[in-house]
Structure formats: C-alpha cells, structure tokens
Amino acid sequence: MRFVFKTNYDQDIRLFQHAGQMWTYLALFAVLLVAPAVVSSYMLSQLVFVFIYALVGVSLMILVGFTGQASLGHAAFLAIGAYTAAFMQAHGYTFATYFLLAGVLTGIVGLLVGFPALRLHGIYLLIATISFSFIIEELLARWESVTNGNEGMRVKTLELFGMEIGRNSDYFYYLCLGVLTVTIIVTLNIMRSPTGRAFIAVRDSETAARSMGVDIAATKVRAFGLSAAITGFAGALFAHKMTFLSPEMFTLQLSIEFIMVIIIGGSLGLHGAILGAIFIIMIDPLLTLLKDDVPLLIGSLAQAFGAGSERVKALEDGTQALTSTAGLKGVIYGLIIMLFILFEPFGLYGRWLKIKLFFQMFPLYKKSTFKRQKVYVKSERNR
Amino acid sequence: MTSLFKVENLSLQFGGLKAVDDVTFDVQKGEVFTIIGPNGAGKTSIFNLISRLYNPTAGRLFFDGQDITQLPAHKIAQLGIARTFQNIELFENASLLSNLLVGRHCHSRTQLWQEMLFLPNVKRAEREHRMQVEEVIEFLDLQAYRDKLIAGLPYGVRKVTEVARALCSKPKLILLDEPSSGLNVEETDDMSFWIRDIKNDLGITVLMVEHDMSLVRRVSDRVLALNYGRVLALGTADEVQRHPDVVAAYLGT
Ligand SMILES: Nc1ncnc2c1ncn2[C@@H]1O[C@H](COP(=O)(O)OP(=O)(O)O)[C@@H](O)[C@H]1O
Ligand SMILES: [Mg+2]
C-alpha cells in the first residue's frame with residue numbers, strides 16, 4: 001500500500017497530491033487526445049455525449065453533491081443554454097460570443113431560481129425545480145418568435161476561426177474535451193478554496209456553517225448560479241451536437257437522466273460525475289447489443305442443451321419480443337437507480353474507492369471501514 | 001478588568017414557554033464564565049441567542065461595546081465570537097482538516113473569480129489558513145486525525161474537533177456548550193487543561209455551559225446558575241453551589 005508522506009502544506013493545496021496521480025491523469029488525457037484516430041466514428045460521437053453529460057454531471061455535483069441542494073430542473077438550464085446559443089448564432093454572433101453568453105445567461109437564471117429556493121429544503125426544493133422546468137418547457141413551446149415553438153429550431157453548423165466544424169468532426173470532439181477539462185480544473189480550484197468549503201459546510205450543517213461566518217443564502221445562490229452556468233455551456237455544445245432543438249427534448253425525463261449520472265457515479269467527488277456520464281451514455285449501445293444478441297445467445301444455448309429447432313425458434317422469438325418491448329429502457333433505468341440507492345449509496349466512485357482500499361490493505365481490509373456510524377442524533381431544533 | 005461581553009434583560013419565548021427570562025450578566029475580558037443549570041434551563045438557548053441563531057423576544061447583546069442584537073448570524077464570527085455545539089455539528093462528510101479550514105472562513109477575503117483561477121493571492125491565503133489551522137491541531141493534539149473523515153471518528157475526538165474548529169477563527173470570545181458531556185474521566189481532564197490553556201496561553205475569554213461540577217470548579221472564575229430561564233445566583237463556583245435556590249433547583253423542588 002502507498003503512504004503519502006506529507007512534507008509541506010502545499011501538498012494538500014496542489015491539484016495533484018502526488019506525482020503518480022498527475023501521471024495517471026496526464027496519461028488519461030493523452031489517450032483521449034489520440035482517441036479520434038483510433039475509435040470508430042460512432043464511438044467518437046458517444047464520447048462527445050459523455051463529455052456533455054459529464055459537464056452537466058459536474059454542475060450537478062456542485063449543486064447536489066457538494067452543496068446538498070436538490071434539483072430536477074437541469075434539463076431546463078440545458079435548454080436555456082442551447083436555445084440562447086442557437087438563437088444568437090442565427091442572428092450572426094460568433095461562437096465565442098454566444099458560447100459565453102449561453103453560460104452567463106443560464107447562470108443568471110440559476111441565480112434567480114436560487115433566491116426563492118433559499119426557503120426550501122429537500123423534497124419541496126425538488127418540486128420547485130420541477131415546476132421551474134415545466135415553466136421553461138412551456139415557454140419554449142409558446143415563445144415562437146425566438147424558439148420556433150413546437151416545430152423546433154435548426155442549429156447551423158458551428159463556425160470557429162473561419163472553419164466549419166461539423167457535429168461529428170474531430171475538432172468538435174476536441175472542443176468538448178477542452179470545455180470539460182477547463183470546467184473540471186475550475187471546479188477543483190473552487191473546491192480547494194473558501195467558497196468550495198462553504199458549499200460542503202452548508203451541505204453538512206447549516207447551523208454550524210452560519211456560526212463559522214458562512215453566509216448561507218449567498219453560498220446557496222452561488223452554487224445555483226455556478227451550476228446553471230456550467231449546464232448552460234453544456235447546452236451550447238448540446239445544440240451543436242443535436243443540430244436541432246425542440247421543447248420535447250428537454251423534459252423531466254432528461255433531468256432524471258442527469259440526476260442518475262451522479263447517483264450512479266456517486267456524489268463523493270468529481271470522479272463520480274465522469275463515471276456516471278460514461279455509464280449513462282454507454283448503457284444505450286449496451287442495451288442495443290442486448291436486443292440483438294441475447295435472443296440468438298439463448299437460442300444457441302437451447303440448441304446446445306438439445307432442444308428441437310421449433311423450440312429454439314420459439315425461444316428466440318420470445319426473448320426477441322421481451323428485449324424489444326417498448327419502455328424496456330425506462331424499466332432498466334429505474335431498476336438501476338433503485339439498486340444503486342439501496343446497495344451503492346456512494347455510487348461507482350465509492351465502489352472504486354472500496355476496491356482500491358481492499359487491494360491496498362490486503363489482507364487487512366475490514367468490511368466495516370466504510371460503514372457509517374451514527375451514534376447520536378443531531379439537533380433538529382437549530383435548523 | 002473590563003467587560004468584553006454583556007447581556008441585558010435578555011428574554012426568549014417559545015409560544016407560552018419562557019426559555020430565557022430577563023437574564024442579565026456580563027463577561028469580563030480574560031475570564032472563564034460558566035453557566036450551569038438543570039436540563040431545559042435555557043443555557044443552550046442563551047448561546048443560540050448570542051450566535052444570533054435565535055431572535056430575542058426582548059433584551060440586548062453587546063460585544064466589545066457594540067450592539068450585536070440585530071446582526072445576522074454569519075457576521076458574528078467576524079467580530080471574534082466562536083462557538084461549539086452541544087450536539088456536535090461538524091461537517092460529517094469532510095476531513096477534519098476541511099472542518100478546521102471552515103473555521104477560518106470569517107477571515108477569507110478572496111473573490112470567487114480569483115478562486116476559480118486559483119490566483120497567487122488565493123494560494124497565499126490558503127497557506128496562511130493552513131498555518132493557523134496547524135497551530136490549533138498542534139495545540140489540541142489532533143495530528144493523527146488530520147486527514148480522516150469526521151464520520152469515522154470517535155466521539156471524544158469529535159468533541160475536541162468542535163473546540164478546534166472554533167479556535168481556528170482566532171476568536172476573542174469562545175462559547176463552549178457542554179464541552180465535557182459524553183467524555184470519559186481522562187478526556188474530561190484533558191478538556192479542563194485545554195480550557196485553562198485557552199484562557200491563559202491564547203488569551204481567549206471563555207463562556208461555557210457545563211454540567212460536570214468538578215470541571216466547573218477547576219476552571220471557572222465565575223459561575224451563573226439558571227433555572228426555568230431565570231438567573232438564580234451568580235458568584236464563584238462554591239458560592240453558587242451552596243446557594244439555597246440552586247440546591248433546591250437541583251433537588252427538583
Ligand atoms: N427551537 C425551540 N423551539 C421550542 N422550544 C425550544 C426550542 N429550543 C429550546 N426550546 C425549549 O427551551 C427550553 C430551554 O432549552 P435549552 O436552552 O436547550 O436548555 P438547556 O441547554 O439548558 O438544557 C427547553 O424547555 C426547550 O424545550
Ligand atoms: Mg443545552
């Protein structure tokens with residue numbers, strides 16, 4: 001197992017705690033840089049979606065994971081970013097301008113949502129953000145002069161430095177990778193500064209945070225603003241990736257998918273947002289694979305066990321019907337969420353930490369290491 | 001001796017219940033002032049009034065000559081008042097180090113945009129915070145737990161961490177709400193030494209709520225006894241403990 005010897009305070013302040021960590025991330029980054037040359041164009045496209053979802057994941061991590069505020073309204077923030085970008089592009093603004101404005105404007109809307117949200121906790125906040133999401137959806141459908149209503153809105157090809165950058169081009173991939181990398185670094189910077197610690201403090205004890213001098217209202221509103229802004233940037237990229245926007249793309253279903261990113265990834269750190277995004281995006285091709293291959297697999301298994309050809313055919317058709325049932329994806333999503341909440345409350349990232357510790361401590365690992373102790377009750381009175 | 005903190009005719013009412021009833025006292029600079037009283041006497045309520053978590057029904061609070069009765073709660077730490085909580089209010093899913101760094105929050109002056117870029121001034125401030133925190137870690141012997149998550153720490157260590165977090169803000173006045181409750185004899189002894197060191201070495205005035213009378217006698221300069229929100233007696237530990245009203249209150253008559 002590795003001991004990290006601390007010889008000076010800067011070690012805790014730095015982005016990377018030790019050289020090994022830095023090399024791991026640099027290697028990962030290098031792999032992502034050469035990926036376009038290696039992977040199929042379908043995979044590359046999926047990776048772009050992973051980046052966009054990871055951006056939203058990071059934004060949710062700030063608001064939900066770190067600050068402890070609930071939100072099922074992030075599809076709406078994404079929509080605001082996407083429509084702002086598309087609208088401004090159509091009116092002749094350059095990418096740099098509308099990309100920036102998509103983030104800033106969405107951030108401002110986030111601040112505005114943050115203020116009424118100050119008085120709400122838990123489930124009530126969740127309901128408030130859902131209502132916000134419905135309002136935006138309705139607005140998108142009705143404000144036809146800007147959004148073209150339910151008919152939807154075409155998004156022109158991205159133009160940067162006089163170059164057309166198609167939705168499936170390598171350049172677009174690099175653009176998304178770049179935005180994600182910068183966002184992660186900025187977020188890590190915040191989290192090692194007073195504002196980031198204030199987020200955590202608000203999440204774990206508002207009472208104590210106030211007494212330590214943390215302005216609860218300002219901190220929550222900041223978290224909302226930051227989170228919305230990042231999702232706004234993601235929205236601008238999303239607009240170009242989709243090339244077409246319509247209100248029904250930004251429903252509650254999408255917000256739930258975003259929340260799943262951090263439930264599955266785990267809310268312990270930014271790693272969770274990335275892992276969750278990979279999982280959510282990659283489960284789709286996985287399910288497709290399932291649909292095509294499982295019936296055949298079951299058929300050949302049956303054959304191996306000596307079933308007659310008629311029997312095999314029936315089995316294949318049966319499984320085919322089952323795996324291509326409409327709504328199967330929703331059921332599987334729901335099942336996954338339930339299983340994660342029940343058995344992996346710290347998500348994939350938490351599981352990874354456990355596995356890592358198991359090998360580091362082998363054979364001394366105790367199952368109870370990660371068990372939460374709750375020996376006393378916190379005073380609810382002071383809330 | 002000059003007065004550092006003053007409470008004037010303080011009252012707090014919850015519906016029909018008078019949790020704090022016309023309480024007046026002042027705390028001198030450099031002393032350990034202890035409030036005792038049976039459960040539900042209103043001791044924690046007084047602390048919550050001082051931290052501005054509760055609004056008084058009547059009365060006023062003065063710190064360093066300034067009227068703080070109307071100040072918002074998050075401005076109190078900046079003035080130099082820090083506190084601990086009876087029912088431990090630590091940031092459970094953060095390391096001990098982060099907890100103590102939050103204690104430094106009232107001294108942060110960096111802007112969010114500077115933090116986003118982690119500009120040199122942010123880095124400098126972080127180093128300074130860290131240095132102050134390390135002094136407190138040293139002072140309270142918490143080195144072994146520095147990088148541990150609070151959720152996994154034993155009760156005794158959490159109790160000390162509460163005190164440590166309060167000290168990190170370099171307060172002029174520290175409010176300790178039952179610092180020894182739940183601690184064993186040995187830990188209580190440590191706590192009593194630390195309280196004395198806080199007063200003598202760090203020069204911080206202590207306002208404390210405590211049940212353990214032997215600890216109270218060891219460290220307190222003055223003691224105030226409270227029951228049903230009213231002041232029963234004020235004086236040295238022995239005087240107060242012998243006061244007939246106090247004896248009656250503790251015997252439950
Ligand atoms: N937030 C509150 N709402 C209603 N009653 C409260 C509240 N806080 C305290 N009380 C009541 O005020 C009285 C004093 O409580 P407290 O100050 O916690 O006592 P102590 O700390 O001396 O044990 C108790 O009767 C308690 O039930
Ligand atoms: Mg109490």
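How far from an oxygen atom of ligand 1 does a polar side-chain atom of Ser45(B) lie? In this predicted model, the distance between the polar side-chain atom of Ser45(B) and the oxygen atom of ligand 1 is 2.6 Å.

**View 1. Polar backbone atoms beside ligand 1.** A backbone N or O atom of Gly42(B) lies 3.0 Å from an oxygen atom of ligand 1, and a polar backbone atom of Ala41(B) is 3.2 Å from an oxygen atom of the ligand. Of the 560 Å² of accessible area that ligand 1 has on its own, the protein covers 75%.

**View 2. The shell of residues around ligand 1.** Twelve residues surround the ligand, and among the closest are Gly40(B), Lys43(B) and Thr44(B). Because residues from chains A and B surround ligand 1, the site is shared between chains. The shell divides into five nonpolar, five polar and two charged residues, and its largest share, three residues, comes from H1(B).

**View 3. The open sheet of chain B.** Six strands form an open sheet in the order E6-E7-E8-E3-E9-E10, with mixed pairing. Strands E6 (81-83) and E10 (230-235) of chain B stand at the edges, each with a single partner strand, so one side of each is left without a neighbour in the sheet. From one strand to the next, the twist averages 20°.

**View 4. Strands E6 and E7 of chain B with helix H6.** E6(B) and strand E7 (residues 173-177) of chain B run parallel and are joined by three bridges, with Ile81(B) standing opposite Leu173(B) in E7(B). Helix H6 (residues 155-167) of chain B lies across E6 and E7 of chain B, and runs at about 160° to E7(B).

How values were computed:
Residues are numbered from 1 along each chain as its sequence is written. Chains are lettered from A and ligands numbered from 1 in the order in which they are written. This is a predicted model: local features need pLDDT of at least 70, side-chain atom pairs count only at pLDDT 80 or more; totals for chains, interfaces and linings use all residues. Side-chain values use heavy atoms; hydrogens and water are left out. A residue is near a molecule or strand if one of its heavy atoms lies within 4 Å of it. A polar contact is a pair of N or O atoms within 3.5 Å; within protein, one must be able to donate a hydrogen and the other to accept it, and residues adjacent in sequence count only if both atoms are side-chain atoms. Accessible areas come from the Shrake-Rupley method with a 1.4 Å probe; for residues, only the protein chains shown count as cover. Helices (H or I, at least four residues) and strands (E, at least two) are DSSP runs, numbered from the N terminus. Ala, Val, Leu, Ile, Met, Phe, Trp, Tyr, Cys and Pro count as nonpolar, Asp, Glu, Lys and Arg as charged, and the others, Gly among them, as polar. Two strands pair if DSSP finds at least two bridges between them. Axes are lines fitted to C-alpha atoms, for helices over the stretch in contact, and angles run from 0 to 180 degrees between N-to-C directions. Contact means heavy atoms within 4.5 Å.
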